[in-house]
Amino acid sequence: MLTERLSVYDVNKDSEALLRAAEIIKNGGLVAMPTETVYGLAANTFNEKAIGDIFKAKGRPQDNPLIVHVSDIGMAKELVSEFPEKAEELAEKFWPGPFTMILPKADCIPSSVSAGLETVAIRMPSNEVARQLIAVSGLPLAAPSANISGSPSPTTAEDVLFDMDGKIDAVIMSGRCDVGVESTVVTLATDPPRLLRPGGVTLEQLRDVLPDIVVDKAVLSQPGKGCVVASPGMKYKHYSPKARVVMLEGDFESFKTFVEANKDEGVFALVFDGEEAELSVPCVSFGHKEDEFEQAAVLFKALRELDKLGCKVCYSRVPSKCGVGLAVYNRLIRAAAFEVIEL
Ligand code: TXA
Ligand code: MG
């Protein structure tokens, strides 16, 4: 299949390319679209064949449900069987934006989208191109991240093409994603509400609206074998480069000592900006130590870069768990398949 490249940087000036993308969606095709978090692989939520094609293109396990993207609140309400007061408050505060709510699903949601669950995940992206594509299609769009299942999520159209060229109908070329990690996922289908995946909207921000929110165990630790997890996506090894990633918990001096002692062919270090100069192994950096937003924005790019450079083993610095740092930590520990060494 030839994957069309559709450049949409400005929703007004590039309206022709946007209309073409909407036409592909309406005809049951797959279009990779930019969002403020990561690129998503979008299809018509109500077209079961197209939904099946998303799972095929990504190699995604069938039991991992998709997020449905909407362009306005009215569209969101049609997808659920109830929209409680707390959902209104959360929508008011965090939509459009990197925030996904899980609510009891309406009958119109195909079970392939919800992976057989009685709930559905909904998000209104703040990226203008994404919202306009949804509005012009007139359809809620089911969209997982536009990567091969398990690999780091794509934050540029080039990353999408690296994984998906020839497998999907079109890619909207639209520059780099601002946030860089996927949306925060909260379920309101449990009491108390539960944070299933940290993201651009922080736990601290959520507590203002949901003082009783709890953090799912799977956010920071490895679900046990055969465990039932609230968010099926959390049980898979995820976001991983081909290289083995090992997180080294400790200060920079002990990190340096460990890395230098384990120096070998194919050994790399994933470090904070400025630390490269102190190490004799090849380094990839993922932002400043104190800047969680920057770390989020560059982490997936850095993980992809390691593979391109031929890294076999990568020793990584550990980000803070504050604010957006919690999301960075959550993605990195999955990339490391939970391999952490305390120095
Ligand atoms: O930022 C994002 O959320 C991006 C962009 C494209 O919007 N999308 C994204 O989708 O990250 P995906 O499929 O890569 O991750 C969706 C996560 C998975 O961990 C999945 O298990 C969880 O949301 N999820 C979806 N529906 C769910 C449900 N009904 N109950 C529990 N977890 C759900
Ligand atoms: Mg994903």
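The protein chain of this predicted model has 11 helices and 16 strands. Helices (H or I, at least four residues) and strands (E, at least two) are DSSP runs, numbered from the N terminus.

The overall dimensions come next. The C-alpha trace spans about 60 × 45 × 35 Å along its principal axes. The radius of gyration is 20 Å, which agrees with the value near 20 Å for a compact globule of 343 residues. That radius is taken over C-alpha atoms, and the globule rule is 2.2 Å times the number of residues to the power 0.38. Of the 343 residues, 57% count as buried. Buried means under 20% relative accessible area, exposed over 50%, and partly exposed in between (1.4 Å probe, protein chains only). Among contacts with a separation of 6 or more, 67% join residues 24 or more positions apart. A contact here means heavy atoms within 4.5 Å.

Now to helix α7, residues 157-164. Why is this helix largely enclosed by the rest of the structure? Because 6 of its 8 residues are buried. They are Ala157, Asp159, Val160, Leu161, Asp163 and Met164. Their cover includes strands β1 (4-7), β2 (31-33), β3 (40-44) and β8 (170-173), along with helices α2 (48-58) and α10 (292-308). Just after α7, Gly166 takes a positive phi of about 90°.

Helix α10 holds Arg304. This arginine has a relative accessible area of 7%, so Arg304 counts as buried. Beyond its neighbours within four places in sequence, Arg304 is in contact with Asp159, Phe162 and Asp163, and also with Asn147, Ser151, Pro152, Ser153 and Pro154. Leu206 lies 98 residues from Arg304 in sequence and 31 Å away in space, C-alpha to C-alpha.

Is Arg123 buried or exposed? Arg123 is buried, because its relative accessibility is 2%. Its side chain makes a polar contact with the side chain of Thr35 at 3.0 Å. The Arg123 side chain also reaches the backbone oxygen of Gly97 at 2.9 Å. A polar contact is a pair of N or O atoms within 3.5 Å; within protein, one must be able to donate a hydrogen and the other to accept it, and residues adjacent in sequence count only if both atoms are side-chain atoms.

Residues are numbered from 1 along each chain as its sequence is written, and side-chain values use heavy atoms, without hydrogens or water. Local features need pLDDT of at least 70, side-chain atom pairs count only at pLDDT 80 or more, and totals for chains, interfaces and linings use all residues.

Methods: Chains lettered and ligands numbered in written order.
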